[in-house]
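Dear colleague,

Please find the structure below, handed over for your own work.

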Amino acid sequence: MADGPKRIAVAGDLIVDWNLARAQESDRSATLWDPNYKAQAFSQLGGAALLCEVLEAAAGHAKTYEVQYAGARPDRMTLRPGDPAYNHSYTICSSSSKETKTGGTEWLWHVESFLGFEKARSPSPDPSGPKDKVDLLVLDDGNAGFRDLFAAGEWPKFVPMPRDDGWIVLKWARPLFDKANHLWQFLQRQYSDRLIAVFTVNDLRLTEMQISRELSWEETAQDVLREIRDLEELRRCAAIVVSFYTAGAVVYWYRHGIFNHSLYYDPSGIEGQSFTENGGRMAGYTQSLVAAIVHALVNGVAPENLGVGIRSGLSASRLLHTKGFHFEGPGDEPAKLEFPVKRIAEEIHETSKQPAEDSIFKQVAIEENSEWSIISVDNAWDTALAIIANGPKEALKGKPICTFGDFITVDRQEAESLRSIRGVIAEYVRNRSRAKPLSIAVFGQPGSGKSFAVEQVMEALRQLPDLKNELGRK
């Protein structure tokens, strides 16, 4: 990239998010109409516009790059739901509270449910004309119309092109790997050697890729790597980043004939664990990750070392999930509710300077051996003594630990088996149309811990908010 402040452009699908904040009234009447059951609507520019806002805020901290939005951003004060010139998404948001260490009350606002998406029905205002080439181009393809602008095989005039040595970072929702996706075909022909594509693992699963879910980090990472290598178009990209939202990411890198593939993960959990245990969702996990990757690249991190941006982005996504929306006013009836742009930008900037060993997210090279295990106990006796003296979490720090209540295992096969059983039981309990009882047989030597393991798996399931009432007591 050129010397001096770097120039970044952000283009893509602009979405207007409409968040309906619903107050929880414990004494709500059973009638259909209740004026005491309050709700407020808040608008937020999402999609590419939100990604641009986060990068603009992060640039304010770094002072090393400038950000421009390729297109016209609407005035939020004049926006109305259903405006035919824009894409709209609708959500219901709800609050929760918890007691702080000082005895106070902390309110949190998250997305409770996604109501739907409304696609633009008429052209949006004409964007401004051509711009100079940029050092890095960020594209947010949310499958809401932007990719169709490349149908004629030409670069849209309002989107700046990258310099000859510039990179393109593509945030891609609902990926489509065929000729119908004109944007993807254009990028493949012109920029594959400088393209970093970012997906979520669930979006890849929707393409019918065979990727396991919530069994072990080893199994899922190997599945992702296999699916990337099986698709030539992905192999041609300089880098592929597959996000597990707040829990980890797989990175596949190819440059100058050299391959590299790594897993970044939280040893204390597995994919989806924070969602099932804490509840609540947020829009913007992937925007946070992409913004962190871009922030690291333009601040001198070599493109082949995406780990700095990955760890930073995962930390920002985790913060987004735990803290939720930024709000002003009373915690149960906010006067303002919006994406925490400043908070996320600060987290990205600060964690991008953090040494790798201080991050909760660890890195390991993905091996293709079916027997591969992240944890390797070279001296079982010394490890056992350390567990007795210091506890398993300290003795096995940085290693993936599978925990069900008071039961802990570090064996990949055992962890995958128990998580499979947990998934079967959870699916059975959630399926209210079940007609037959679920029977599970457990075999093992006397004293091997069969009953204890079963009891702890069930106890862990009882702690899940949506299963607590269904499973009841022991």
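**Findings**

Cys237 is buried, at 0% relative accessibility, where buried means under 20% relative accessible area, exposed over 50% and partly exposed in between (1.4 Å probe, protein chains only). Cys93 is likewise counted as buried, at 0% relative accessibility. A search of the whole structure for disulfides (a pair of cysteine sulfur atoms within 2.5 Å) returns 0.

Please note that this is a predicted model, in which local features need pLDDT of at least 70 and side-chain atom pairs count only at pLDDT 80 or more, while totals for chains, interfaces and linings use all residues. Residues are numbered from 1 along each chain as its sequence is written, and side-chain values use heavy atoms, with hydrogens and water left out.

As to the overall fold, the protein has 14 helices and 17 strands; these are DSSP runs numbered from the N terminus, with helices being H or I of at least four residues and strands E of at least two. The radius of gyration is 24 Å, close to the 23 Å that the globule rule gives for 474 residues, so the protein is as compact as a globular protein of that length. That radius is taken over C-alpha atoms, and the rule is 2.2 Å times the number of residues to the power 0.38. The C-alpha trace spans about 75 × 65 × 45 Å along its principal axes. Of the 474 residues, 49% count as buried.

Turning to the aromatic rings, those of Phe, Tyr and Trp (its six-membered ring) pair if their centres lie within 6.5 Å; planes under 30 degrees apart count as stacked, over 60 as edge-to-face and the rest as tilted. The count by this rule is 17 aromatic pairs. One of them joins Phe150 and Trp155 edge-to-face, at 5.4 Å centre to centre and 85 degrees between the planes. Phe150 is buried at a relative accessible area of 1%, and Trp155 is buried at 13% relative accessibility. Trp172 and Phe177 have ring centres 5.2 Å apart and planes at 80 degrees, so this pair is edge-to-face. Trp172 is buried, with a relative accessible area of 2%, as is Phe177, at 17% relative accessibility. Ring pairs also link Phe146, Phe150, Trp155, Phe186 and Tyr191 into a cluster.

Finally, Asp230 lies in helix α4 (residues 217–230) and counts as exposed, at 55% relative accessibility.

Yours sincerely
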